[in-house]
Amino acid sequence: MKETVMYKCDKCGKSFDQKRGALECELEHAKKSYANQLLQDGFSLDYINYQCGFNWKLSEEIEKVTKDNCFVISHWQCCDKPAYRIVEIDGRGNIRLWGRGSWNGGYGNWVSANKLKEPHSKEELYEHD
């Protein structure tokens, strides 16, 4: 019989065979929480990137994006209007967009910050009836 030591993330309970793994998991939870607070407080993606160390490669145009901007994702719900906004950032720096395009109900998905294109102002947000 062999005794085994495991390390558990305090946030989600996931177990790791090395302490480093549990610490990285806890750090990811902290980054998610901090990034989303910054997002809700209206900070730009550039500032969130710097503060959380996501290492996004953002264009000048995308650096100034906040939760108020919206985007066209034409292959989602066949909508060529700016119907999608940033609603969440995970601890690894993935961005979740959500909105109402051309079909019934809302739709969203996770995207890389580096893939965001052509932000629109909050006044241009399209919301399908």
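Which residues have the most contacts inside the largest nonpolar core? In this predicted model, they are Leu45, Ile48, Ile95 and Leu97, within a core of 24 residues. A nonpolar core is here a set of buried Ala, Val, Leu, Ile, Met, Phe, Trp, Tyr and Cys residues joined through side-chain atoms within 4.5 Å, where buried denotes under 20% relative accessible area, exposed over 50%, and partly exposed the range in between (1.4 Å probe, protein chains only). At least two residues of this core are supplied by each of α1 (19-40), α2 (45-52), β4 (84-89) and β5 (94-99). Helices (H or I, at least four residues) and strands (E, at least two) are DSSP runs, numbered from the N terminus. Residues are numbered from 1 along each chain as its sequence is written, local features need pLDDT of at least 70, and side-chain atom pairs count only at pLDDT 80 or more. Totals for chains, interfaces and linings use all residues, whereas side-chain values use heavy atoms, with hydrogens and water left out.

Contact is defined by heavy atoms within 4.5 Å. Not counting residues up to four places away in sequence, Ile95 touches Leu45, Trp56, Ile86, Glu88, Ile89, Asn109, Trp110, Val111, Ala113 and Leu116.

The loop between α2 and α3 (60-63) contains Phe54. Phe54 counts as buried because its relative accessible area is 10%. Its C-alpha lies 5.5 Å from that of Gly93, although Phe54 and Gly93 are 39 residues apart in sequence. With neighbours within four places in sequence left aside, the contacts of Phe54 are Lys31, Ala35, Ile48, Asn49, Ile89, Asp90, Gly91, Arg92 and Gly93. Asn55 belongs to the loop between α2 and α3 and is exposed, at 58% relative accessibility. Asn55 has a positive phi of about 60° although it is not a glycine. Most residues other than glycine have a negative phi. A positive phi, of about 40°, is also found at Glu118, again not a glycine. Glu118 lies in the segment after β6 (107-112) and, at 54% relative accessibility, is exposed.

Gln77 occupies the loop between β3 (70-71) and β4. Its relative accessibility is 5%, so Gln77 counts as buried. The side chain of Gln77 reaches the backbone nitrogen of Gly101 at 2.7 Å, a polar contact (a pair of N or O atoms within 3.5 Å; within protein, one must be able to donate a hydrogen and the other to accept it, and residues adjacent in sequence count only if both atoms are side-chain atoms). Beyond four places in sequence, residues in contact with Gln77 include Tyr84, Gly99, Arg100, Gly101, Ser102, Trp103 and Tyr107. His128, in the segment after β6, touches Arg100, Gly101, Ser102 and Trp103, residues up to four places away in sequence not being counted. His128 and Ser102 are 26 residues apart in sequence, with a C-alpha to C-alpha distance of 6.0 Å.

The largest pocket has a volume of about 180 Å³. On a 1 Å grid over the protein atoms alone, a pocket is an open set of points where a 1.4 Å probe fits, with protein on both sides within 12 Å along at least five of seven lines; lining residues have an atom within 4 Å of a point. Its lining comprises Lys14, Phe16, Gly21, Glu24, Cys25, Glu28, His29, Lys32, Asp90, Gly91 and Arg92. The largest share, six residues, comes from α1. Two lining residues are nonpolar, three polar and six charged, with Ala, Val, Leu, Ile, Met, Phe, Trp, Tyr, Cys and Pro classed as nonpolar, Asp, Glu, Lys and Arg as charged, and the others, Gly among them, as polar.

Key:
Points joined across faces, edges and corners; volume = space filled by probe spheres on them.
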